[in-house]
Amino acid sequence: MGKVRVGILGATGPVGQRFVQMLANHPWFEIAVLAGSERSAGKAYGEVVHWILDTPIPPEVKDMVVAAGTPDALQGRCEMVFSALPSGAARELEPQFAAAGFPVFSNASALRMEPDVPLVIPEVNPEHLALIRVQQERRGWKGFVVTNPNCSTIHLVCALKPLHDAFGLEQVFVTTLQAVSGAGYPGVASLDIVDNLIPYIPGEEEKIEREPLKLLGTLVHQHVEPARFAISAAVHRVPVVDGHTEAVVVKLRTRASLEEVAHTLRTFQGVPQRLGLPTAPQPAIILREEPDRPQPRLDRNAGNGMATTVGRLRPDPVLDYKFVLLGHNTVRGAAGASLLNAELALTLGYLDEFVDTASLEAFQPHPATTL
Ligand SMILES: NC(=O)c1ccc[n+]([C@@H]2O[C@H](COP(=O)([O-])OP(=O)(O)OC[C@H]3O[C@@H](n4cnc5c(N)ncnc54)[C@H](OP(=O)(O)O)[C@@H]3O)[C@@H](O)[C@H]2O)c1
């Protein structure tokens, strides 16, 4: 085995397409199966997908026949799966895949807040992958489910992590300006969004107010003790294709100068950067000094779409500091997040039962105890 064979559930949607694009030349993983709903199963991928990315469909997957999205249809064809399923289908299917012995790396919100399901950003809480063992034991699953957060949460928490570690967070206010690709395809009707802004995305504020507390929480014995700070989120859909912008105001627990805050963001190094994981951006956070950055069109592809760009860092007259951040919502906010989780899990040995790592090319294991 030169590479780990992977399946993609929900391969035809915008996030599924990002998986296909990002896995096309991956050094450790290769696409073995593409799965869809009954609508696409049995047909060629190139025929059923409405491809919306700006690189061509990789030739090796164009004629691949789409499989039914069930464990039976994928058994023996791949060692693990990435999930880009809508939440309802994920809630039903992901546990079936895990029970059938597949490691599942999921984008869906369905299982994120379950106490025994790791919700992970490798730069933020890599140690939470240890919940995999708790999950397998409690549920009797041979496989497991690892999730990544919502597309706005992920960039917000990447920027909050170094501040929380260095100074402690007391209060966070975040106002998001979210791209239309975050709503899937066909998503928001053009007549609703062109020349307009919609100050409501169902369920989004709740996710942004809940998920960061689990991500920045502490693993105690067999569960995560949530971080204790207050977050208030206000979300908006805006006529931008890709790239979520977020205006953030923070109150810190200890005093810090503007230069200390800037230095902390600028020099942040996470575990994926230290391990040199293939999809890890170097650096994870880009701090810009210009008064008019970041901007979606100019900054969403920073770090191959995997970095979080922070700018307009300045004191706030009500709380302590405010800044604007921006990140790609279907790359780092979705497919790239799952992919980095899978690279971390493989590197730390969580896939040893499923994959013969000795036969993988260009792969360097690190025991989880090195974290
Ligand atoms: N878009 C983003 O920026 C973003 C960011 C973070 C997380 N997410 C999450 O990632 C997931 C995927 O997002 P998306 O925007 O790509 O979704 P989407 O446009 O709704 O795509 C859905 C995909 O799932 C398949 N599918 C639908 N129902 C199914 C079923 N019952 N059984 C098997 N397959 C089924 C569809 O297959 P067919 O085409 O064959 O019907 C399609 O491939 C969602 O959970 C979303 O909330 C999205």
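Guide: The C-alpha centres of domain 1 and domain 2 lie 24 Å apart. To the contact between them, domain 1 gives 33 residues and domain 2 gives 33 residues. On the side of domain 1 that touches domain 2, the largest share is that of helix α13, with 9 residues. The model under discussion is a predicted one. In its division into domains, domain 1 covers 4-148 + 333-370, and domain 2 covers 151-328.

As a general matter, nonpolar side chains in soluble globular proteins tend to be buried together.

Two residues show the surroundings in detail. Phenylalanine 19 is in contact with Ile8, Ala11, Phe82, Ala84 and Ala335, once its neighbours within four places in sequence are left aside. The other residue, leucine 9, is found in strand β1, residues 4-9. Leucine 9 counts as buried because it has 31 C-beta neighbours inside 10 Å, where 20 or more are required. Apart from residues up to four places away in sequence, leucine 9 touches Ala35, Gly69, Val81, Ser83, Ala84, Leu85 and Leu93. Leucine 111 stands 102 residues from leucine 9 in sequence, and the C-alpha atoms of the two are 16 Å apart in space.

On the side of domain 2, which covers 151-328, one may begin with helix α7, residues 151-167. Helix α7 has 17 residues and reaches 25 Å from its first C-alpha to its last, close to the 24 Å expected at 1.5 Å a residue. Of these 17 residues, 15 are buried, so α7 is largely enclosed by the rest of the structure. Along α7 there is a kink of about 35° at leucine 160, shortly before proline 162. After α7 comes glycine 168, whose phi is positive, near 80°.

One runs from tyrosine 185 to proline 186, with omega near 0°. Proline 186 has its place in the loop between β7 (169-177) and α8. The other runs from arginine 293 to proline 294, with omega near 5°. Proline 294 belongs to the loop between β12 (285-287) and α12 (296-299).

The loop between α8 (190-193) and α9 (204-215) contains proline 199. Proline 199 is exposed, because 10 other C-beta atoms lie within 10 Å and a residue with 12 or fewer counts as exposed. The phi of aspartate 195 is near 60°, a positive value in a residue other than glycine. Aspartate 195 counts as exposed, with 7 C-beta neighbours inside 10 Å.

A positive phi in a residue other than glycine is found at arginine 312 as well, with a value near 55°. Arginine 312, however, has its place in strand β13, residues 308-315. With 17 other C-beta atoms within 10 Å, arginine 312 is partly exposed.

The protein has 13 helices and 14 strands. Of its 371 residues, 50% count as buried. Among the contacts in the protein with a separation of 6 or more, 73% are accounted for by residues 24 or more positions apart. The C-alpha atoms fill a box of roughly 60 × 50 × 35 Å, taken along the principal axes. For 371 residues, a compact globule would have a radius of gyration near 21 Å, and the 20 Å of the protein agrees with this.

Conventions:
Residues numbered from 1 in each chain as written. Predicted model: local features only at pLDDT ≥ 70, side-chain atom pairs only at ≥ 80, totals over all residues. Contact = placed C-beta atoms within 7 Å. Helix = DSSP H or I, 4+ residues; strand = E, 2+ residues; numbered from the N terminus. Rg over C-alpha atoms; globule rule 2.2 N^0.38 Å. Expected span 1.5 Å × (residues − 1). Bend = angle between axes of the 7 residues up to and from the residue. Domains from an automatic or database assignment.
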